[in-house]
Amino acid sequence: MTEAERFVDETAKWLMPDRIHWCDGSEEEDARLKAQMLGDGTLIKLNEKELPNSYLHRSDPSDVARTEHLTFICSEKKEDAGPTNNWLSPKDAKAKADPLFRGAMKGRTMYVVPYVMGPLGSPFSKVGIEITDSAYVVANMRIMTRMGKAALDQLGSSDDFVPGVHSIGDLSPERRAIMHFPETKTIWSVGSGYGGNALLGKKCFALRIASTMARDQGWMAEHMLILELTVPSGEVHYITAAFPSACGKTNLAMLVSPLEKQGYKVRTVGDDIAWLRPGPDGRLWAVNPEAGFFGVVPGTSYDTNPNAMNTITHDTIFTNVAVDGNGVPWWEGKDKNPPAGMIDWMGKPWDKMGKAAHPNSRFTVAAAQCPSISPKFNDPMGVPISAIIFGGRRSRLAPLVFETRDWAHGVFAAATMGSETTAAATGAVGVVRRDPMAMLPFCGYNMADYFGHWLKMGTLVKSPPKIFHVNWFRQNDAGKFIWPGFGENLRPLLWMLDRVAGKGDAVETAIGAVPTKGSLNLDGLDMPAADLDAVLSVDNADWKAETPGIREFFAKFDGKVPKPLVAELDNLEKRLG
Ligand code: SAT
Ligand code: MN
C-alpha cells in the first residue's frame, strides 16, 4: 500500500462515504461530473453558442468569500502562528473538527483529487492530494492545478505530498473551519464550498503550508502575480507584484500595453501566486504554481481587461454572477446596459436595488486559454525576476510609485503596507488594515519570523530584484481616481525597468525615490500636469500620521520584529522630521 492509498483509506473510515472515486483528470470524467452537476442543480448551463462549455454555479449566500475568522493555523506552539493568525493547538483543532468530519460523507461520493502545484516535472513543483465531497471543487481543481493521472505519475510511490481533507459539511458558518497543520503539512477544511476555503491547492497549500516549507527550505511562497515585459530592444523582463485580494493582480498580469506599436508588450505568467527560489546565476527565479485563474468578475470588461474577457469566452465556470434570459452572464462593470429579465447571483429576478452579481463573483478558467499567456508559463525552470512590486488600495497617502532604497528598506515597506479591505473576505469593506506583503490572511507562521525570512532571502540571492511600491487607487478631493490605471500602469513599470538598469530620474523623498515628471514615459497619455503632480506627491505630514499605526502593528509581535525593520521605522521617522 502506498502512503497515498493509506491516507485515502483512513480518511474514508473517518468520513464514511458511500463511494470513493479517484480522479484521473480526463475529459470524459470532467464531462460526466458536469452532467451530474447539471442534473442536481450544482451547475447551470450557460448559452452554448455564446459561451461554449461554460457553466454558472450559485453558492450558498452565506458562503461567497474567504472566512478569515474561521481559518486557523494549528501549530504546537501559539507563538509559531503569531498574533495575526487564529491559532488552535493540533489537539484542540482535531477535537473541534472530528464531529464535523465524522460520517460527513455518508450518502455522498468521496473524490480523491491528486494534483501538482507548479509545472509538471519542475524542481519547484509539489504534489497534493485533496479529498472532497464536492464535484464543483473537482471541476475547479481540474482547471486550477495539474490534476489527476499526471499528478499520480509525478508522485509515484513517494510519500511526499500534502494531504488535504475537504467536506462541504452542511455549509453553515457555525460548523465551518479551515485548518492548517504546518508541522504535518496537512489541511482540513469543512463547511464551505467557496474557492479559497475549498480549493485546497490554492491559498491553503500554495501559500499557507508552502510558506512554512519555504521558510525551512530557503525559498518563498508569495501572493504575487508574475508578468513578462518585452521592450523594443527585444529584451524580456519579469516582474512580480503582490497586492491584496481583489486589488487588480489579474488586471495587471493581463495588461494590454498602450505602447505595443513601439515594441512594449506584456504577457502573463501568473495572476495570484508565485513560488520563488534563488537560481544558480544569483538571481531570484519564479514559477506560477497554478494552472488557471480564479479571477474577480465584477469590473472586468473589454475596456479594463480585454485579455480576461477573451479568456472567459468558453470552457469557463462562473460563480455567483447574474445571468440574462438567454443564459449569458452579466456583472456590474461588464457594460453599461444590464439586459432585461436578469436573474441575480442568488437566483432571484434582479430587483435593480442590490448588486446583480456578487462583488466577489469569480471566473475559473485555464491559463492556457489566455491570449496573453507567456511561452514561459509551463517552463519547469521558471523565469528570472528583475523587480518586485508591492501595493495596496489607498485612496490617500501613497504615491503612484516609489522605489525603496535597498532590500531591507523594501522589506520594511512591504511589511508595513496598508490596504483598504475588499469583498474577497467576509467583513467590512474599505477599512485600512496592515496587510504585509499582501500575505496577512495567507502566511502559515508567525509574520515576524516571515519578515526575518524575507531579510534572509536578500542575502541568499546574490543579485536580488529591486523592490518598488505602487498605488493605483489614489483619489482627489472629489473622490475620483487620479491615475487612469489598467493599461496605463505600464508606464510606472517602464520607469522601474529604467531604474533597474541604473537609468531613470527620481526625486529622493522620505519614503523612497519617486519619478520626476519627465522620467515617466507618458507618450500618448493625456494627463493634466496638476494630476500628475498630485499622484506623485508625498505628503510628509500624512506619512507622519501613518507611523504610529506601524509602531502599534510592530508592537503586536512582542519584540519579535527583526531589528533591521525597527531600525527602518526609526530612520523613516527621522527622515520625516
Ligand atoms: O478566494 S481566493 O482566496 O481563492 C481568492 C482571493 O481571495 O485572493
Ligand atoms: Mn489572491
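How many bridges join β18 to strand β22? Select β22 (residues 362-366) together with β18: 5 bridges join them, and the two run antiparallel. (Strands here are DSSP E runs of at least two residues, helices are H or I runs of at least four, and both are numbered from the N terminus; two strands pair if DSSP finds at least two bridges between them.) Click on F293 and look across to V365, its bridge partner in β22.

Before going on, some ground rules: this is a predicted model, where local features need pLDDT of at least 70 and side-chain atom pairs count only at pLDDT 80 or more, while totals for chains, interfaces and linings use all residues. Residues are numbered from 1 along each chain as its sequence is written, chains are lettered from A and ligands numbered from 1 in the order in which they are written, and side-chain values use heavy atoms, with hydrogens and water left out.

Now widen the selection to the open sheet of 5 strands, ordered β2-β3-β19-β22-β18 with mixed pairing. β2 (44-45) and β18 (292-296) are at the edges with a single partner strand each, so one side of each has no neighbour in the sheet.

Inside it, 4 bridges join β16 (residues 274-278) to β17 (residues 284-287), and L276 has A286 as its bridge partner in β17.

Then select the manganese ion (ligand 2): its protein donors are K203 (NZ), H223 (NE2) and D272 (OD), 2.2 Å from it. Donors are N, O and S atoms within 2.8 Å of the metal (3.2 Å for Na, K and Ca), and water is not among the atoms, so sites may look incomplete. K203 sits in helix α8, and H223 in the loop between β12 and β13 (224-230), 20 residues apart.

Last stop: ligand 1. Residues surrounding it (a heavy atom within 4 Å) include R66, Y194, H223 and R362.
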